[in-house]
Structure formats: C-alpha cells, structure tokens
2 protein chains.
Amino acid sequence: MMQTPLLLTQMMDRAEKYFPKKKVISRTESGVQSFTYKEIVERTRRLASALHQLGVQKGDKIGTLAWNHHRHLEAYFAVPCSGAVLHTINFRLSPEHIIYIINHAEDRFLLVDADLVPLLEKIKDKLRNVKGYIIMTDQEKVETSLSPVYFYEDLLTDGDPTYSFIEDLDENTPAGLCYTSATTGNPKGVIYSHRGIFLHSMALGLADTVGMSEKDIAMAVVPMFHVNAWGMPFASMWFGTTQVLPGPYFTPKLLAELIQEYKVTLTAGVPTIWLGLLKEIEENPYDLSSLRGVLCGGSAAPRSMIEAFEQKYNIPFLHAYGMTETSPMALISVSNSSQESLSMEERMDIKAKQGMLVPGLDMKIVGKDGEVKWDGKEMGELALRGPWIASEYYNDDRTGDAFRDGWLYTGDVVTIDEQGYIKIVDRTKDLIKSGGEWISSVDLENSLMAHEAVFEAAVVAIPHEQWQERPIACVVLKDGYQDSVCKETLMEFLRPQFAKWWLPDDILFMKEIPKTSVGKFLKRALRDQVKNHLNKV
Amino acid sequence: MMQTPLLLTQMMDRAEKYFPKKKVISRTESGVQSFTYKEIVERTRRLASALHQLGVQKGDKIGTLAWNHHRHLEAYFAVPCSGAVLHTINFRLSPEHIIYIINHAEDRFLLVDADLVPLLEKIKDKLRNVKGYIIMTDQEKVETSLSPVYFYEDLLTDGDPTYSFIEDLDENTPAGLCYTSATTGNPKGVIYSHRGIFLHSMALGLADTVGMSEKDIAMAVVPMFHVNAWGMPFASMWFGTTQVLPGPYFTPKLLAELIQEYKVTLTAGVPTIWLGLLKEIEENPYDLSSLRGVLCGGSAAPRSMIEAFEQKYNIPFLHAYGMTETSPMALISVSNSSQESLSMEERMDIKAKQGMLVPGLDMKIVGKDGEVKWDGKEMGELALRGPWIASEYYNDDRTGDAFRDGWLYTGDVVTIDEQGYIKIVDRTKDLIKSGGEWISSVDLENSLMAHEAVFEAAVVAIPHEQWQERPIACVVLKDGYQDSVCKETLMEFLRPQFAKWWLPDDILFMKEIPKTSVGKFLKRALRDQVKNHLNKV
C-alpha cells in the first residue's frame, strides 16, 4: 500500500474541492456572518502565508484565546497545515494558570479575540516567549497595550490566497496542544498528532458512533479551546458538513434560536449547557425538530435530562465519554440491534450509560482483583489504549500518574454490563469510601436530579471518624420550589432507591454549585465549602 | 499520541468481546449453518494454532481456493493475525494462471474447498512451493491424490481455542494478497497491509459511504477471492455486523431466498449478479424489504437496472467503483445535501455515476491537456492516491504500467461533474477512437440495456480504414423478444440519444457475451469474435 500520511491538509483539500459552496455560519462580536468553504479555505491559506511571513516555523506553538467562530476555525487548519502546533487556551482558567501554560508551551504568537485582550494585557509582562499578538476582531482597530500587535484581517488582506500547505509532513507530527483544566496543581498538556486527529475524525463519521455526514448541520457548543471542540471542526471540514459556530457569550435562548434558524441537526456540549437549553425550551416555544442528535459529554448526563430530551421533545440524545487525553471520543451510547425489543424504560437505562468503546480503541477495567466482571455492578478504573489516546503529558513529570504499561488510566471508576455498555460511577478521587465499601457520588446526584424540584445536585465526601467518609448532598432547587421542598422531601425520595448506608448524611441547599471553567462540578471547592458549612453549624 | 498499530487483531478482538452472540450464517456444501462470533473467533484461534503447528512462519503466503463461507472467513483472520499473508485465489482463472499465481506468490499451504480439489489435482505437479493441502469440507473424508493432505475440521479439533495472535506487528505488515484477473498476460499481484485494510474498513463504516453498522445483516455475494469481498468480511467482524455467506454455486433464486429469510440489509456484488436477481424477482414474488442497500461495483451498472431496483422495488442502490489495486472502495454514489431539491430523474442521473471520492483518498483526472474541467463532459484518466491504494504490483516488472509519480493510473476514462460526481466512460483500452474523437462504449451499452428487450449489451471497437476505429454493438435479447426486435428496432432507439457518428456500424445478436471470471465483459475475446463474425459475413 502507498505510504501516504494521514494529514489535516487532506481534510481541507476535500472541503475546498468537493464542498466549496457549503457554509460556515459564524457568530462574532458584531453578529452572524456566513462564509462558504471556498472562502474559509482561501482565508486559511492567507493566514498560513501571513504566519509564514511573521517567521513561524515548523514545530512552533501558536496559542489561541478565542470563542467558537470562523477565525478560530481558520487557525485550526492554517497552523497545523503549516507544520506548526495549535495551542488552544482555555481563557476561563485563572490568570496564573494561563501564564503557566503559555510559558510551558512556549507559545510564539497568540491569536486573541478583542474581548479577551484585557485578560492578556494583565499578564503580558509574565509571558516569556510570545513574539506577537494577533487580534481577531471585526473592528478596524482595538486600543491595546499589547505589543507588537497585528490585526487578523489586515494580515489576511496581505496574505497569499493561493499559499500551499506543507504536504510532506510525517503523520506523527504534532498538530494541536491542549491543557487539562486541572482542579489541583498546574494544568497538564496533551499533544494531538495529525494521525490522531485524522483517525479520531474518521471515528466521528462512523455510522455506529456520531455518524457525522455531509448532510449534517453541526453546531459545536463545546468550546473550541476544549479538546478541539471534540473534533467537530475537523470532521466537519473533512466531510463537508455545514457548521454553525455560536460565538461569544451565548445564552440558552441564543442556542435555541440558532438551532431553529439554521436547522441544526447535530450539536455538542456538556450537561450544564443542555440543562440550560432544556429550561429555555420548557419556558418558550421553539421548533427544534431538525435535531437528530444532541451529543453530550464532559461529565455524566442526568437520566432525567436525557428522558426529557428524548421523550418530551423527541430529540435524540447521544451520551458520550472522553477526556482531554482521549481526543476525546472514547465511549458512546448508541443503540444496537440487541436493544430492538427493549421497552422505553430499558432503553433509557442504557442511554444513561456512557456507552460502548468506539471502534479503533482498546480498553480494560481494573478493579480490586484484576479485570472486573461484565455484570453492571463490579466497579473498576477504566484504562484506554489506541491511536487517538495520548501517550504522555507534554514535558511533564506527572506523566506517570496516568500513563502506565502502555495504557492511559483515566481516573474514572466504571461498571460494564453484559452488552459492553460502560457506566461512569465516579472519579476515583470523588468516590466515597464508607466503611470499606464504595458509594458512587454520581448515582446519588443523578437520582436527586431526577426529582422535579431539583435543578442541580452534587454529592461529596466528608471525613468521618467511624466510617472514614460519608456523603453530603448539595442541591440547587428550581425557582418556585423553595417553600415546598425540604431536606426530608428529598430523603424520602431517595430512600426507596438506595441501601440505607448510601443515603447522604445531610442535604444542603445552595444558590449554585461551583463549576470548573468547562462547566463540570468543581468538587474540590465544594468539599471545602461543605466542610466550612458544617463547621459553622 | 500512542503508537498503537492499526491491525486486524483489533477487529477480531472487538467481535469477540462485544458481539459474542452475533451471528455468521454460512451456506456450505451440506446446507446452511449458523455460528456465533464467539464460536468463529474460537475456531479462528484453533486454525491459527494449527497453522503454527504446521510450521507457518511470519510472512508465509497461505492460499485459499474457496467460496464464501465461515471457514474462509476464519482464514481471513487466522492467517494475517499470525503474521502470515492470506492469498485468495480466483479459482475461475485458467489452470495456467492458477499455477502461475500460486508459484509466483510462493504459497506454502493451500486451503481448498472439497469441490475444488479436482482442480488442484490436475495442476499439483506444477506447484513449486506448496508444502501441504488443507481441505475445507463438512465431510469426514475426501478421496484425493493431493499430498500431504489435512482436513480443516481435524486441524481445528486438535487446535488451541485460546491461542494468542501476534500483537506486536508493524501496521505495514502484509496481510493479504490478491491477483488481478488480467485479460492479457499473467495476473498481477497486489499486497494489502494491515494498515490499508484497517483504514479501508473504517471508510466502509462512514455514514457518507456504505455506513456499515452493527445493525446491518450483510451478505457479500462478491467472491471472497475477489479483492477481499470488497472488505465486507473485515468490516463486518469489526463492527459486529451479522454476516450471511452464500456459499457455493448459488443462483439468483437462492440469493433472493437468503435475503428474504435472513432479512439481509446490505448486499454487494457485480452488475451481472443484480441483473440475475432482478430477473428472478420479476418472475417470482419475494419480500426483500429488509434491504437498505445493494452495493454494486466491478463494472458500471446500467441505469435501467438501477431504476428498476430503486423505483420498481424500492431497494436503494449504492453504485461504487474500485479495483484490485484500490482495496477496492474508491468512489461511491451516495446522495448529498445538494440533491435534496432534485427530481427523481435527476437523482437517477447521479445514481448512474460511480460517485464521489471516498474520504481518505486523493484523486486527479488527467486529460489530453492536463487535469480536466469539472463539467461532466471532458474525459480523462482517473488517477488515485491514498493509504489503501497499492503502490506496486507484487514482484512484478509491470509496476510502471500503472504506478507513476506516487499515483495509481487506473486505466479508466472518466468525466467529473460540478458536484464532483465521477462517471466511468470507458477503459482507456476499450474507448473507441473514431476520426480523432472519443466514443464511450459504456454509454452505448447502457443505452442499449435500457431497452426493454435487451438483457445484455457490449460495444467494442473494430479497426476502420477511414475512421481508425468504429463501434460494433453485441446484444443478448431477453427470452421472447427474438421475433419482435431486430437491428433497426435498436438503431431507432439509439438515434435520438447520440450524435450520428457515435451510432454503432452494426448490431450483432448473440446467445451470450463472453465474461471474465468475475463477471465483467471480456472485451478482448468479444473483439476477436466480432472480427471473425464480420469476416464471415
């Protein structure tokens, strides 16, 4: 067979040749704009030539602090197709962490949205390797103390629309870099290779996973700084999928409007996004019938939410699992032929799991006594292996924490049923160890969130003299339930569902649950809060 | 990213772990049998251990002369997953060609169906490297002069059901070998690597190609000796697809019965197979409503046949293009979003084309003056490049005939329309060059086959003093039309469709059109026949 490498240039080449008229709908600071793939690829060539003019070399890291929009998409291809590495930066991290990762990655240039310029101005003096700032904006000029500063559209005006990308790259060349939003210590970086992104994109197109297609109109709500927006911009470009990029400061209302107006068929985001959307569509009418799939990952989706989407609104829900280290798609809950005769209730049980291993990957689940039984009960840590799984943290001596014997140990505790459907039970560190047994915080949370009065619930462990650890639940009620629902209401609700020793020792009502920059519950902060709260009592 | 290689072992591993209860339905000499994937994989392990016991080493070539059945499927995995190379032999080739390819491949063992043993007995004295024959049969013993001879089921009985496959193979290790059914000269061999088969299988699962899925019940009618049955056995094992293997000496009636009984959703074969099936279902009633796709390649499918399947029987038709050198899937005619507003007539125009390039491959179309326009008119030779395209013929100094500058020149003359849909116009060598212009034999054939009286039609060039070449049509009429249809009837039918100089100089009626061993028109033989025929007149 030919030794043609698996490269991102081929994806762009396909969009340019076969789908020049297909659209990228981009919402920016000044409104919604529409581009054809022909225009996007031409602009990408201009950007690549401009970066070349600025002295960007093969292997250089180029950082982005940006929302989901067409310019960010152009950078997704212009940078790696020039042999450089696109470092997408989570601008919701603390300034200290942002400084750390820009310096750790040794970013040479930063592409930054106009509204995020002030964030960089505050830390610019601590950035060691940055040679220039490129402002992505629709405005003609932005006042800034950053220096030297370039304007994205000016660079494109001067760029070469016929610029040729590097074609003789090795497929293992780094293409992307993303840091985990660590809850403790400094963020850890993961390098994505051309090969890894290529294979992951192919996996996104499989009929038995997401089945991304030219016929789709895909809206990645998951940020483009968060594991490549789960690979959707890459797969969309390759397959000629229409893209809707929702831009900065979106609300549930705006998302519902975009889905309705552009007839979005496929969208992707974390559970908190879909909880918000659900609330919006429960309050206001929209036509969301174009949706064939709501892809949900990042943390476990509550079953009650999945049921609402599927049964109340007839919107198919795709529950998935992945992490920064896995590109991210590793598990996906798609129905298979064994489920054809199941009841709706049984199907929902399966939908609430994270699903089956995606073709192309290997997995094992390691419990206390080796690999666990496929009984849906025995708990073990999920380990993954495959061509789009990271092999290390970038220049980081913490690699050994997660990567051992050729496997990535995910830190997620799971069960697997007879059909091979995997369910995340907890993070190894969030699991509650009570009297020598394990209690799943996630199971308790999902049950609480199934109560009609509960908007959000998080369960954490607090130290206990006799039992080692005991669970405490933190609950945010929906508006209007504050007077009718109390601790005992919810305990009553939980009792029939769990063994007595699983029940939380207390239920605390809160205004909100602290979250990470990507919308996951921040359990470490919550534990501190709960500890303080209990001390106060 | 991890450097995990792309290997066939992963496909089998997935079937074994996730789909142990899914079925392989296998028709053999003694009837239809059913196996689970668990049983198939266990039998595959036994076979691999037996081959190991017989002294098979990494890199050894193991030949098969066999129909489509479960034992052939087991060999598909046992051989390459042991590091050896599966050489599938087209037993319909001439004895001289079979001797040539077995010797050229240096096959060490041959796995042979009982009914094909006599074929080998006749040529055994000329086979230079064969160390033994393994007979695949349901019978206890078969009398034979082959020696040494082993019985497949005996080997399996003694084999180790827990045998471990090689896991540390390089992904570029050869896995398969197939010789083209050349119409002139000796057949040419193509080596398939693990990587090539892996990526090709992944491409078969894409929503925008065949979309092979766990939910499918797939029946490869295309022989397993013919380009890996177009990769379906590999993709089926990987995705957990139920397989129906139609076995020896099948008829259109048998195929219709298998589709009906096992609710086949996807089937694959050459146009002559589907012409036969169409005739059968026109004469007898069947319920074929389970079919979601009839994959057709090998040679161009007549539009009239596609229309009959789609419009008369509501069976979706997937027109595709490939060759031994391309693993084979390279083009596939799947509708895309640009066709949503088209009329049925316009959609059929597109379905009759071979379709769009499959994601993962590159192509160019080289005409008289460089790359052709995308106008659906300008003709040029299709050249392909990609990770499942061969880079050479195996140990053959004819490699340069087809492989130049990193491209495979397919020898097929095509046009490409504005949407990127490619239509095969002719083989470079079958194209009729008349008065400095090109006439497509395939266009004339398709028009003739659209006439209700015509069963098959082939058009060939004969030398002409003034015009260099002129077309002659050879037609097989359907039963019952011999008295009502003559040459002038068909000329009358063609006239409104073509320029005057495209019309055949003569139409000859025949009992049958000579075909290659894989069912394609054998134009070289036909040309000789026509030349003789004309001389006789």
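Predicted model: local features only at pLDDT ≥ 70, side-chain atom pairs only at ≥ 80, totals over all residues.
While we're looking at loops, have a glance at A:Lys263. Its phi is near 55°, a positive value in a residue that isn't glycine. You'll find A:Lys263 in the loop between α9 (252-262) and β12 (266-269) of chain A.

Now zoom out to the whole of chain A. Along the principal axes, its C-alpha atoms fill a box of roughly 70 × 55 × 50 Å.

How do the two chains relate to each other? A rotation of 180° with 0.0 Å of shift along its axis puts chain A on chain B, with an RMSD of 0.0 Å. That's the relation of a two-fold axis. The interface tells a matching story: 98% of the interface residues of chain A are interface residues in chain B as well, so the copies meet through the same surface.

On to that surface. Here 64 residues of chain A are in contact with 65 residues of chain B. Between them the chains bury about 4,900 Å², and carbon and sulfur atoms give 55% of that area. On the chain A side, A:Met1, A:Met2 and A:Tyr18 lose the most area to chain B, together 19% of what that side buries.

Two salt bridges are counted between chain A and chain B. B:Arg195 forms a salt bridge with A:Glu171, and their closest N and O atoms are 2.7 Å apart. Across the interface, 23 residue pairs are in polar contact.

Which parts of chain A supply the side that touches chain B? Several elements each bring at least two residues, among them α1 (8-18), β9 (189-193), α8 (232-239) and β21 (407-416). The most comes from α7(A), with six residues. Sorted by class, the side of chain A that touches chain B has 32 nonpolar, 19 polar and 13 charged residues.

Definitions and conventions: Residues numbered from 1 in each chain as written. Chains lettered and ligands numbered in written order. Heavy atoms only, no water. Contact = heavy atoms within 4.5 Å. Buried area = accessible area lost by both parts, 1.4 Å probe. Salt bridge = Lys/Arg side-chain N within 4 Å of Asp/Glu carboxyl O. Polar contact = N/O pair within 3.5 Å; in protein donor to acceptor, adjacent residues only side chain to side chain. Helix = DSSP H or I, 4+ residues; strand = E, 2+ residues; numbered from the N terminus. Nonpolar A, V, L, I, M, F, W, Y, C, P; charged D, E, K, R; others polar. Least-squares fit on C-alpha atoms with pLDDT ≥ 70 in both.
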